[in-house]
Amino acid sequence: MSRLPHFFQRLGNVIRNYGDYVQGRLVYLAFFSVLGILVPYTSFSWFSILLTLLLLGFIIFRHHFSLIVLSLFTLFLFMCLFILIDSTNQTTLAPTTKTIKAEIVDSPDFNGDKFSVIVNTSQNEKLLMVYYIQTEVEKIQLSKSLKMGLVCRFNGTLKKPQVSRNPYSFDYQKYLYAQKIHWIFEANTLTPEKCFLQEKWSLGRWLLKIREAGIHQIDSHFDGSTAGIIQALIYGERTNIKNEIVNSYQSLGLIHLLAISGLHVSLMTGMFYFLCIRFGVTRESTSILLLCLLPAYIMIAGGSPSVIRSVLMCMLLFASILWWKKGSMLDVISFVFIFMLAINPYFLFNIGFQLSFIVSASLILSSKAIFKHYSNTLASLFAVSFLSQIASLPILLYHFFEFSLLSLPLNMLYVPLYSMIILPFALFTVVLLGVFEPIGEMFATILTWLLELLNQVTVWFSQFSFSVLTLGKPGLILMILYCGACFYFLISWEKKKVLLQRALLAPIGVLLLHVISPYLNPYGEVTMIDVGQGDSIYIELPFRKGVYLIDTGGTIPFEQEQWKIRRNEFSTAQNIIIPFLKSEGIRSIDKLIVTHGDQDHIGGAQGLLEGIRIKEIVIGKNKDDAIQEKELKKIAANKGIPVHIVERGQRWNEGDSTFYILAPKGNELKENNNSVVIYTKLGGLNWLFTGDIEKDVELDLIKTYKNLRVDVLKVGHHGSKTSSTKEFIQFINPKIALIPVGVNNRFNHPHPDVIDLLKNEKIKVYRTDKDGAIEFRYFKKSGTFMQTIP
């Protein structure tokens with residue numbers, strides 16, 4: 001142990017001369033490492049080149065020419081590094097592969113009747129393996145048998161991960177690609193009896209075993225989201241937390257509390273340091289011991305970017321204090337930033353990585369100003385929380401499209417609560433459960449009660465819709481303005497306190513510009529949202545004079561046994577429509593038009609009413625309401641939302657647009673034929689939205705509206721053979737057909753005869769199962785159709 005400090009001291013002497021030169025300048029190299037990745041990633045976009053030239057000009061103005069050479073070298077190095085790593089990120093498996101031999105390399109996840117786990121094949125390629133469990137007995141057997149380290153032979157099929165099917169939605173394929181996973185292997189059967197345990201020992205495998213055992217220990221003493229939060233705090237694993245709770249923490253700007261960050265690492269390191277000193281270990285030996293142990297914690301805590309950053313910064317600080325005696329915190333975080341990107345360039349696109357470094361760097365740069373101007377503890381806490389909010393604002397808006405006005409006061413409350421009470425109490429309880437279980441169970445009961453109460457309070461706060469400001473995804477210009485305004489504010493904070501009030505006007509001004517920008521936008525939009533097997537069409541008029549949603553999609557609910565129910569059940573409204581609306585910056589819908597009462601058109605309405613303000617609901621006239629329509633009317637009455645019943649001959653005007661109701665008449669016998677049919681002109685094109693009308697209504701429209709001509713047809717009933725008759729199609733003579741239909745749906749929509757008819761009539765067909773969401777953006781009398789999936 002005594003030789004170890006001398007080794008580090010010699011290493012410090014070797015890099016001292018280089019360190020003296022780059023001291024305080026590593027932040028420039030960090031910027032150029034980012035540009036080196038962005039240039040090939042964005043295919044040498046003009047923005048990357050322009051930003052490079054601006055940074056070079058700034059360096060020439062402020063620093064020596066040799067720093068320019070070093071910066072250009074960093075730019076070129078990271079360009080080559082990213083191109084090399086990205087070019088080798090390829091699959092070696094053939095798409096027709098049916099059998100694999102692979103090792104389970106992660107903790108298996110049992111989510112209702114779905115089993116999933118990361119496996120590593122004999123060709124050294126990672127896969128996400130999924131298996132759908134058949135019986136409760138099988139689930140119990142698999143949960144006891146399958147564990148990390150098992151090597152098995154699996155039979156099944158390879159499937160490509162899901163791509164983003166709607167604008168700005170989560171791209172699962174890109175997410176897995178960044179982890180070098182290219183396939184989902186869907187297993188047909190799982191037979192643990194044919195597996196064997198890999199005997200090869202490695203430090204990494206041993207640490208992952210410790211992590212798995214720790215997660216299982218918490219599972220055995222805590223339930224549901226309580227277990228999930230404790231696992232998140234100690235091991236960085238939050239799959240067990242219910243979606244409702246995660247969404248609540250996220251919408252309130254508190255999600256960072258459920259990820260291991262610098263605060264967690266500092267607290268645990270401090271506790272360990274204090275205990276070692278109390279038991280007579282010297283400070284130097286304790287620091288060296290921590291330098292050896294902290295890398296192990298990266299794997300035990302899940303290896304997320306925020307964990308790696310926190311641990312590496314902590315290690316560098318210990319090493320610097322012990323042996324180098326030089327270097328600023330800004331240099332430390334810049335070095336860690338460059339090092340992490342060199343190890344894995346894909347970290348740059350990770351939200352946790354972005355937030356972790358932006359907030360930490362901002363606090364480091366402004367720490368002197370905070371401690372100088374705010375001696376009071378409460379004032380310092382307010383300053384730190386406010387600074388974190390300002391620094392993270394552009395990233396939060398870019399990824400989540402909104403932020404909470406309650407975030408600042410709640411962070412001031414939750415951060416001390418989690419850091420001073422919840423985290424230490426959770427660590428103490430978990431250790432006690434392992435040492436002396438009976439007493440540990442008593443503390444576990446208290447901790448469970450405390451976390452359940454805290455979760456209820458968090459969900460309650462998140463229900464205040466007024467507190468969340470939804471602005472939509474900012475474009476490139478707005479992002480530049482946000483970053484510039486936030487940077488100006490931070491610089492003003494650090495340099496001179498009296499400028500704060502004036503400097504704060506910069507980010508507030510950009511926020512206001514973001515709020516009013518849709519009302520200054522002369523472009524309109526029609527988007528057929530991909531909701532699977534169902535309809536949902538979004539219409540936004542120029543200058544946001546009108547926002548309409550025709551139908552909400554919806555899945556058919558099935559009664560399930562308790563063991564099959566998953567942690568987070570899929571909801572068309574919560575998982576697709578509301579995120580889409582938030583990305584557009586929509587806070588309220590002027591008209592929700594429900595064409596008829598089928599589940600795949602009205603099923604998401606209730607969830608939508610819970611998440612978005614609806615000013616008016618439009619339903620077609622009929623002889624008898626469907627069950628879903630009756631339920632929707634009750635909910636609307638309770639919320640004070642007016643419901644308007646429409647029929648043929650009615651219309652409404654908004655701006656330069658008129659919307660005509662062509663059907664129903666109100667005496668139709670079939671539910672599909674009772675659909676609301678809307679005709680309007682948008683972007684110089686005539687549109688016909690048909691719901692699920694069938695042959696009888698189509699013929700009636702031909703007889704009633706002799707001059708009906710259509711440019712864009714929303715094909716009736718998802719392309720079913722009962723709709724889109726030859727007489728109707730030839731009469732309205734559309735140029736473009738839109739078909740909302742689910743991938744591999746059980747109804748085999750659209751029917752081949754309908755597709756052949758449309759092709760024979762030389763009609764351009766867009767369908768959501770192949771193209772994803774279809775977006776039409778228009779200006780005055782011209783517009784462009786765009787597919788989400790190229």
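Helix α9, which spans residues 243-251, has I245, V246, S248, Y249 and S251 among its buried positions. The model is a predicted one, and the chain that holds this helix comprises 27 helices and 26 strands in its secondary structure. With a radius of gyration of 29 Å, close to the 28 Å that the globule rule gives for 790 residues, the chain is as compact as a globular protein of that length.

**Helix α9 and its surroundings**
- The buried residues of α9 are covered by elements that include the helices α8 (224-235), α16 (407-435) and α17 (437-462), together with the strands β8 (402-404) and β9 (468-470).
- An α-helix has 3.6 residues a turn, so residues three or four places apart point the same way.
- Following α9 comes G253, a residue whose phi is positive and lies near 75°.

**Overall dimensions and packing**
- Taken along the principal axes, the box filled by the C-alpha atoms of the chain is roughly 95 × 70 × 50 Å.
- Of the 790 residues in the chain, 52% are buried.
- When contacts between residues at least 6 apart in sequence are considered, 68% of them join residues that are at least 24 apart.

**Surface and charge**
- The chain has an accessible surface of about 38,600 Å², and carbon and sulfur atoms account for 61% of this surface.

Key:
Residues numbered from 1 in each chain as written. Predicted model: local features only at pLDDT ≥ 70, side-chain atom pairs only at ≥ 80, totals over all residues. Heavy atoms only, no water. Helix = DSSP H or I, 4+ residues; strand = E, 2+ residues; numbered from the N terminus. Rg over C-alpha atoms; globule rule 2.2 N^0.38 Å. Buried < 20%, exposed > 50% of the residue type's maximum accessible area, 1.4 Å probe, protein only. Contact = heavy atoms within 4.5 Å. Areas by Shrake-Rupley, 256 points an atom, 1.4 Å probe, with all protein chains shown as cover.
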